[in-house]
Amino acid sequence: MVKAEAKAAPPEPLAEPTETPPDLSHTWVVAAEIQVESRIASIADFRGSFKTAAGQRVDALEVYCKGCRRPYDEVKGQGCEEKIDNRHLIGGDQSTRKKRKLPPPPRGAEIVPGEKVQRRGINAYMAGVSRPR
């Protein structure tokens, strides 16, 4: 009687996950000027969108990235800064930026503190504009 020994295949080394580089491509949008009839203008004003005729010529006022809000000519060939760090949209590093100066009150004016405003909870809901106290 011969015993058949089943040899297990040696375990294959696990493949290391390869990191894919982040997608830094821009999302280009075009600010356009389209001449329309008054009927289409009222639809666009009401709905916020409208349909144009096929083959209609559209004048591009500006081409810019939707994410970083930078013009095409300035950033073509570069990564989108909004996907890297969007500090440029908020005025730089907040810890080093100067605080805004409040304008001085007019002469003879006196600042009178108002009552405390409740911003959370049921009392804030009940004290809405449509439900005055």
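**Fold and aromatic pairing in the chain**

Among contacts between residues at least 6 apart in sequence, 54% join residues at least 24 apart. The model is predicted. The chain holds four helices and two strands. Read from the N terminus, these elements follow the order β-α-β-α-α-α.

The surface was considered next. The chain has 133 residues, and 6% of them count as buried.

Aromatic rings were then examined. A pair of such rings is described by two values: the distance of the centres and the angle of the planes. Two rings pair if their centres lie within 6.5 Å. By this rule, the count is one aromatic pair. The pair consists of tryptophan 28 and tyrosine 72. Their ring centres are 4.8 Å apart. Their planes meet at 70°. Planes over 60 degrees apart count as edge-to-face, so this pair is edge-to-face.

The pair links distant parts of the chain. Tryptophan 28 belongs to strand β1, which covers residues 28-33. Tyrosine 72 belongs to helix α2, which covers residues 72-75.

Partly exposed residues fall between the limits of 20% for buried and 50% for exposed. Tryptophan 28 has a relative accessibility of 34%, so tryptophan 28 counts as partly exposed. Tyrosine 72 has a relative accessible area of 36%, so tyrosine 72 is partly exposed.

Methods:
Residues are numbered from 1 along each chain as its sequence is written. This is a predicted model: local features need pLDDT of at least 70, side-chain atom pairs count only at pLDDT 80 or more; totals for chains, interfaces and linings use all residues. Side-chain values use heavy atoms; hydrogens and water are left out. Rings of Phe, Tyr and Trp (its six-membered ring) pair if their centres lie within 6.5 Å; planes under 30 degrees apart count as stacked, over 60 as edge-to-face and the rest as tilted. Buried means under 20% relative accessible area, exposed over 50%, partly exposed in between (1.4 Å probe, protein chains only). Contact means heavy atoms within 4.5 Å.
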